[in-house]
Amino acid sequence: MSKQTCFLLLVSLLVLLPGTHVHAHRLILTLENNSFTVRYDDGTAANRAVIRILDEGERVLWEGSVSEGGTLELPVKNFAKVIADDGLGHRATYTPGQKTGIQLPRPLAAALGLSVFIFIASLGRFFTEKKRCAQKG
Amino acid sequence: MAHIQEGVITGTMAAYGFAMTGAMSVLTGRKFSVQNLSKVSMVTAAVFCASLLHFPLLGTSVHFTFVGLAGILLGPMSFLSVFVAVFFQKMLFQHGGFTTLGINAFNIGMAAMAGYYIFRLRFMFPRWNHAVTVFGVLAGFGAAVAMVGMLAGTLFFIGFPLSSVAVVFAAHLPVMIGEGLATGFLAAALARTKRENLFHE
């Protein structure tokens, strides 16, 4: 592996290592014990978020802000969908009975992504060296 | 929070986003060759992982992108690199959405291009010893400003209030400064040790 590839790999790892402790941002909306919680996926409460509760016809049943802690007591019993929006481009949706998709743990996802890029970089290196050797020979 | 999430933009804007990203990918992809594959992949890996470096601020969560860094290392190819990184961030970290992939890639990719063009301005000062460092800082800072500007512009265009746009800018100020310093530091280090890694050197 060339010095250049080693250096860039080191930079990537330096970025990755602290990342495994802090995780990344994404808005998450959950309902537990008749209370909605809106937070980013690092655990930070999304206290700017506005919650809209919709019926089956997508009509707004209730709309309001969450508390400082990012929570809201369930104001409506029957609803079809809940949308949380922090007004800055982050949005999360909650639909009763709908299971969320399986997600890889963050460090594993980061390692998987890095592996793909390192593999591609290695391929690039291989073909470049092969071409160089062919030109010399 | 450079990524706009699913359901925030209209279908028309999503379509424009994909069209513009496609056009820019074709235009900037002409510089790409197998010889560059290793470098492009590793910079893409750095951009991909940069979004894990984040912190809460002003009621939202902001993260690094290192798009300026991609710009100074890859030049025009940084757009394609950022596009791939944004796609992987969506697939593995659930950042952004499928319908917003085009507009997110365009916003962040254009910021990387801005970093590249700012860094090129150093050639106007060939005798200045600190040109690489200073323009590295400016490239990182300017790219972050461009990225937040593109994001804020998109949000404003789809009807978000000016107060939201102001919060987006205020929340990202530490990120802009951090990206500027990191990019400048790396540019200076590369200029001393492996100058050929900087684009156009």
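Biologist: Which elements of chain B each supply at least two residues of the nonpolar patch?

Modeller: They are α6 (131-157) and α7 (162-193) of chain B, and α7(B) gives the largest share, four residues. This is a predicted model, in which local features need pLDDT of at least 70, side-chain atom pairs count only at pLDDT 80 or more, and totals for chains, interfaces and linings use all residues. Residues are numbered from 1 along each chain as its sequence is written, chains are lettered from A and ligands numbered from 1 in the order in which they are written, and side-chain values use heavy atoms, without hydrogens and water. Helices (H or I, at least four residues) and strands (E, at least two) are DSSP runs, numbered from the N terminus.

Biologist: What makes it a patch, and which residues form it?

Modeller: B:Phe141, B:Val145, B:Phe169, B:Leu173, B:Ile177 and B:Leu181 do, with about 500 Å² of accessible area together. A patch takes residues with over 30% relative accessible area and no salt bridge; like charges are joined within 9 Å, and nonpolar side chains (Val, Leu, Ile, Met, Phe, Trp, Tyr) within 5 Å. A salt bridge would be a side-chain nitrogen of Lys or Arg within 4 Å of a carboxyl oxygen of Asp or Glu. The areas come from the Shrake-Rupley method with a 1.4 Å probe, and for residues only the protein chains shown count as cover.

Biologist: Why does B:Leu173 count as partly exposed?

Modeller: Buried means under 20% relative accessible area, exposed over 50%, and partly exposed in between, with a 1.4 Å probe and protein chains only. B:Leu173, found in helix α7 of chain B, has 44% relative accessibility, so it counts as partly exposed.

Biologist: How do you know that helix α3 of chain B is mostly covered?

Modeller: α3 (residues 67-74) has eight of its eight residues buried; among them are B:Val67, B:Leu69 and B:Ile72. B:Gly75 follows α3(B) with a positive phi near 65°.

Biologist: Is B:Phe66 buried or exposed?

Modeller: B:Phe66 counts as buried because its relative accessibility is 10%. The residue lies in the loop between β2 (60-63) and α3 of chain B, with a positive phi near 55°, though not a glycine. A:Asn33 is also a non-glycine residue with positive phi, near 50°, and sits in the loop between β1 (27-32) and β2 (35-40) of chain A. A:Asn33 has a relative accessible area of 75%, so it is exposed.

Biologist: What radius of gyration would a compact globule with 201 residues have, and how does chain B fit?

Modeller: The radius is taken over C-alpha atoms, and the globule rule is 2.2 Å times the number of residues to the power 0.38. That rule gives a value near 17 Å; chain B has 16 Å, which agrees. The C-alpha trace of chain B spans about 50 × 35 × 30 Å along its principal axes, and 59% of the chain's 201 residues count as buried. Chain B holds seven helices and two strands.

Biologist: On to chain A: why do β4 and β7 stand at the edges of their sheet, and what is the strand order?

Modeller: The open sheet of four strands runs β4-β3-β6-β7, with antiparallel pairing. β4 and β7 (91-94) of chain A each have a single partner strand, so one side of each is left without a neighbour in the sheet. Neighbouring strands here are turned by 15° against each other on average, direction ignored; axes are lines fitted to C-alpha atoms, for helices over the stretch in contact, and angles run from 0 to 180 degrees between N-to-C directions.

Biologist: How many bridges let you say that strand β3 of chain A and strand β4 of chain A pair?

Modeller: Two strands pair if DSSP finds at least two bridges between them. β3 (residues 50-54) and β4 (residues 60-65) of chain A have five, with A:Ile51 and A:Gly64 as bridge partners. They form a hairpin with five residues between them, and A:Glu58 in the turn has a positive phi of about 65°. Five bridges also join β3(A) to β6 (residues 81-85), where A:Leu54 stands opposite A:Lys81. β6(A) and β7(A) pair over four bridges, with A:Asp85 partnered by A:Arg91.
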